[in-house]
Amino acid sequence: GKGAQKNPEKAFHYYKLSAEQGNIYAKNNLGWCYLEGEGTQKNPEKAFHYYKLSAEQGDSDAQYNLAYCYKYGEGTQKNLEEAIKYFSLSKNQD
């Protein structure tokens, strides 16, 4: 809602367009939308998918979010080894 009226559906739409064009930050933001149900239906599996795409491209925020998904089983099976791996990667990016 900065500079415009808050519109989660429109934000989701533009994150999706940008993610489809390869923007790693949009992929992370799209993951958040799916995880929280912001502008779309909640879908933890899609959230995990987009976090993973962004994390594998090196976005430290997505690496942290992916670690969270692994730690708590959001959209995937719990996997503490993968959680530790991605928490470490996110820390080393900063």
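Q: Which residues of α2 are buried?
A: In this predicted model, the buried residues of α2 are I24, A26, K27, N28, L30, G31, C33, Y34 and L35.

Q: Which helices do those buried residues pack against?
A: The buried residues of α2 pack against α1 (8-20), α3 and α4.

Q: What span should α2 have, and how far apart are its end C-alpha atoms?
A: Helix α2 covers residues 24-36, and its 13 residues should span 18 Å at 1.5 Å a residue. The end C-alpha atoms are 19 Å apart, which agrees.

Q: What is found at the start of α2, and what just after?
A: At the start, a side-chain oxygen of N23 comes to within 2.9 Å of the backbone nitrogen of Y25. Just after the helix, G37 adopts a positive phi of about 70°.

Q: Changing topic, how many disulfides are there?
A: The count is 0 disulfides. C33 is in none, and the nearest cysteine sulfur, that of C69, is 14 Å away.

Q: Are those two cysteines buried or exposed?
A: C33 is buried, with a relative accessible area of 2%. C69 is also buried, at 0% relative accessibility.

Q: Now D59: where is it?
A: D59 is in the loop between α3 (44-56) and α4 (60-72).

Q: What does D59 touch, then?
A: Not counting residues up to four places away in sequence, D59 touches I24, Y25, N28 and S54.

Note on methods
Residues numbered from 1 in each chain as written. Predicted model: local features only at pLDDT ≥ 70, side-chain atom pairs only at ≥ 80, totals over all residues. Heavy atoms only, no water. Helix = DSSP H or I, 4+ residues; strand = E, 2+ residues; numbered from the N terminus. Contact = heavy atoms within 4.5 Å. Disulfide = S-S within 2.5 Å. Buried < 20%, exposed > 50% of the residue type's maximum accessible area, 1.4 Å probe, protein only. Expected span 1.5 Å × (residues − 1). Polar contact = N/O pair within 3.5 Å; in protein donor to acceptor, adjacent residues only side chain to side chain.
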